[in-house]
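Please open the model in your viewer and keep the selection panel to hand. The tour moves from one selection to the next and says what is there at each stop.

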Amino acid sequence: MPDIIDETLSSHNETPEPVPEAGVFGQAVNAVGIVFAIGILASAGLLMYEVVMRYAFNAPTRWVHETVVFLSAIAFVYGGLYAAAIDKHIRVVIFYDRFSGGVRRVFDVLISLTCLVASVFFAWAAWLSVARAAWTPQGDFRLETSGSAWNPPYPGLLKIFLLVILILLAVQFAIFTVNYLRKKVR
């Protein structure tokens, strides 16, 4: 029993690594993840700053809340790509875990291919949103803004970021599909 506890505790202290099937692309996604982790820490710091400014100095800010929401949103969006690269996304394994190596390989290919197609469709939908958020009806480039007193272009930037991440997610699932097809059955 202590071995199970030690193994469980040590596995939670390790930094997740991308699975081999994620390729070099997955390693890059994993490495860039630290930037978004720092963004979450920056959000916490900004929230603390806002509390001090509001309650200690009676001088609330206009920019902190929207910046924290933006930083948290891009970290959340990047988290989907990150979870795919380290193969820790949500999956139902009630049947999958019972399959042999050959059947599991077929399912890995089918699942990756399905996720690739879904990512492409979602990227197309994101592109439609970006087209409205980044250009005026006259064709001029102007990012959608929040409409608040501060009015930053965070909504337009977030939509562009979502499009980029969905394209990268499609690339990641294409890499998975190819690498699962190449994988030798054990």
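This is a predicted model: local features need pLDDT of at least 70, side-chain atom pairs count only at pLDDT 80 or more; totals for chains, interfaces and linings use all residues.

Residues are numbered from 1 along each chain as its sequence is written, and side-chain values use heavy atoms, with hydrogens and water left out.

**The helix pair**

Begin by selecting residues 23-56, which form helix α2, together with residues 154-182, which form helix α5; helices here are DSSP runs (H or I, at least four residues), numbered from the N terminus. The two helices pack at an angle of about 145°, with their axes 9 Å apart, where axes are lines fitted to C-alpha atoms over the stretch in contact and angles run from 0 to 180 degrees between N-to-C directions. The crossing of α2 and α5 is left-handed, a term that applies if the near helix is turned anticlockwise from the far one by less than a right angle.

Now show the side chains where the pair meets: from α2 these are G23, F25, G26 and F36, and from α5 they are F161, L168, V171, Q172, I175 and N179, contact being heavy atoms within 4.5 Å. Six of the residues in this contact are nonpolar, four are polar and none is charged; Ala, Val, Leu, Ile, Met, Phe, Trp, Tyr, Cys and Pro count as nonpolar, Asp, Glu, Lys and Arg as charged, and the others, Gly among them, as polar.

**The nonpolar core**

Next select Y78 and F161, which touch the most other members of the largest nonpolar core, a set of 33 residues. Such a core consists of buried Ala, Val, Leu, Ile, Met, Phe, Trp, Tyr and Cys residues joined through side-chain atoms within 4.5 Å, and buried means under 20% relative accessible area, exposed over 50%, and partly exposed in between (1.4 Å probe, protein chains only). The elements that give two or more residues to this core are α2, α3 (64-85), α4 (101-134) and α5, and the largest share, eleven residues, comes from α3.

Stay on Y78 and display its surroundings: apart from its neighbours within four places in sequence, Y78 is in contact with A28, V29, V32, G33, F36, F161 and I165.

**The salt bridges**

Three salt bridges are counted, each a side-chain nitrogen of Lys or Arg within 4 Å of a carboxyl oxygen of Asp or Glu. Select E21 and K183, whose closest N and O atoms are 3.1 Å apart; this pair links distant parts of the chain, with E21 in the loop between α1 (2-13) and α2, and K183 in the segment after α5, 162 residues apart. E21 is buried at 14% relative accessible area, whereas K183 is partly exposed at 29%.

Move to R54 and E50, where the closest N and O atoms of the salt bridge are 2.9 Å apart. Because R54 and E50 are four residues apart in helix α2, about one helical turn separates them. R54 is partly exposed at 36% relative accessibility, and E50 is buried at 10%.

Then select K159 and E144, which form a salt bridge with closest N and O atoms 2.7 Å apart. K159 lies in helix α5 and E144 in the loop between α4 and α5, 15 residues apart.

**Two loop residues**

Finish with D87, which lies in the loop between α3 and α4 and has a positive phi of about 60° although it is not a glycine. N151, in the loop between α4 and α5, likewise has a positive phi of about 60° without being a glycine. Most residues other than glycine have a negative phi.
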